[in-house]
Amino acid sequence: MKRTLGVCYYPEHWPEAQWADDAQRMADLGLTWVRIGEFAWKRMEPREGEYQWEWLDRAIDTLGAAGLKVVLGTPTATPPKWVCKKHPDMFARDAQGHVRGYGSRRHYCFSHQGFLEECRRIVRVMAERYGRNANIAAWQTDNEYGCHDTVLSYSDAAQTRFREWLRAQFPGQGNDGDIDALNAAWGNVFWSMDYDDFDEIGLPNLTVTEANPAHVHAFRRFASDEVVAFNQAQVEIIRTYSDAPIAHNYMGRVTEFDHFKVGADLDIASWDSYPLGFLEDRVGADAAHQRAYVQQGDPDFQAFHHDLYRAVGKGRWWIMEQQPGPVNWAPYNPSPLPGMVRLWTWEAFAHGAEAVCYFRWRQAPFAQEQMHAGLLRPDSVEAEAFGEAREVMVELADAPEVAPAQAPVAILFDYDADWAWSVQPHGAGLSYFGLVFDWYRACRKLGLSVDIVPPDTRDFAGYNLVLAPGMMHMPDDLKGALQASEVEVIIGPRTAARDDGFNIPVPLPPAWPGSDLTVSRVQSMRPDLPVPLVGGGFVTGYLEQVEGGGDVLLTTDAGAPVAVRCGPNVTYVAGWGDDAAHMRVIEAVAPDLAAERMPEGVRRRDTGTERFWFNYSNRTVQIEDRELPAAGVLRLAR
Ligand code: GAL
């Protein structure tokens, strides 16, 4: 498949007289895709039932006439004021009970059924009008579910729906649930929390001290299901009127809903990649790391999401928004190093992206994102990224196809485990995402390509190494499949530490089939007191005490086992290691992987036919007898 480029465009932001020229410039640059529409509800329907589609018809015609393919977004992330006035209780409430009100975007609660009906209506009218329009080549539902912390809502609507959801989880006689079963499952005998009726159950906020973790975890599962249902409602309607593929644009490090479940209803996964914003805002790295990569972005964060969304999209995935220059929303917003926009684009292609779309065509001189660069400056002169996009276009013309291939390493990623860790982190700053990302980074520092796979994966054929760190509830059939796979498997810490109802299972974790390895005590630790390991590396944050098991591969200086065999092909790691510790475990258990320690800041990615190197560092490095400058990309046949 030919890889393509595109751009995000807002015709409603610019005088109509400018559209044709914009479209021609996009086409001249070689762009294929233009995404429009996702925030334009007020222009589509200024007042209830009063639709104005003519401007959008003309915009789509103009773009189509220039040869561009349109990705049409449903506008449900920005309900206009009249919708909010009609449904004054449609806003989400934060955990403190404050209304998250009008004046920006994503100001809705996923559980509000009146708002959902408004969404169904606008999506239906849109899909009826544009479903068979030859210029509409794909759809996008809403915009970045969960961005700005918008999944969890403590509204009345959420409370009503949560009770219904719980009744279905604990079915009883007739329409009512079995409240005794819920009490038993949650352990409500503790602190006299037993309920007599589902209608007594509140949301797990505004409690004096922590709420019951089983209650909170159930709420997290519920909130995720609400996003899945919200998206499904739009998808069902669009499919009635259109055969074009449907995507959603996920946001980096948003884990409050299960992207695999949303993705199951879609044709394409896409995500919005802002490497410099993320480095400052959500990678979670220390200040030295942030300084080293300030103009390049974290060397693993983008790749992690590429590999995640390849799985979410069942192979089909895009970058819907690619950072083109300084953004407006992170604590600091530097310019990318020259060449980085090109590097980010090629890295996405090397991980299998079908398309990369830049955000946005022209910098807006008004409103919230004035300080956000585009391909063009506000005066329509080309900004720096324009030239880099052009360079990629030229390169794409002669580049061989990127051939997809299974990676040697698989990492299981389980949103449910992320919620479990956040419900019960046991130590400040400890997160499932952080743990999995650290293991991912260790693989990449060893030059290994990785597939991220969903938690319902049971077939591990073709992998040399599978990692499932921190997956707090691990179903027995997954344990069995991993054991039977004969692939090397790394689990722990906290893998299988809870049952499905958030209780400590007995026999104690990890209860691995055929092994007596037992986690006998768990402790979290101050991040500034790392525990040294014999032979190098440290454990920080989390350290479990284990008994039993087989060969010990790694111990603390004090002699406590840290990596222990618990089956012919399985290693349990009883702590949160640093990169050095994780790399040592990988090298010890999978010597056949041909791992190779990468120079600082350099990462590589293997496809079916080629090997790519990406230089995220700010200096020239030697790769395969060549000089690879800062922000450089090297591509060689394998
Ligand atoms: C994304 C969003 C875009 C734009 C962009 C700015 O999160 O989808 O609409 O706001 O960030 O970086």
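1. Helix H16 gives the largest share of the lining of the second largest pocket, six residues, where helices (H or I, at least four residues) and strands (E, at least two) are DSSP runs numbered from the N terminus. At least two lining residues each come from H16 (432–445), strand E15 (538–547), strand E19 (575–577) and helix H18 (579–589).

2. This is a predicted model, in which local features need pLDDT of at least 70 and side-chain atom pairs count only at pLDDT 80 or more, while totals for chains, interfaces and linings use all residues. Residues are numbered from 1 along each chain as its sequence is written, and side-chain values use heavy atoms, with hydrogens and water left out.

3. The ligand sits in the largest pocket, in the sense that more than half of its atoms lie within 2 Å of the pocket's grid points. A pocket is an open set of points on a 1 Å grid over the protein atoms alone, where a 1.4 Å probe fits, with protein on both sides within 12 Å along at least five of seven lines; lining residues have an atom within 4 Å of a point.

4. Oxygen atoms of the ligand lie 2.8 Å from a side-chain N or O atom of arginine 105, 2.8 Å from one of glutamate 321, and 2.7 Å from a polar side-chain atom of tryptophan 329. Taken alone the ligand exposes 310 Å², and the protein buries 98% of that (Shrake-Rupley method, 1.4 Å probe).

Technical notes
Polar contact = N/O pair within 3.5 Å; in protein donor to acceptor, adjacent residues only side chain to side chain.
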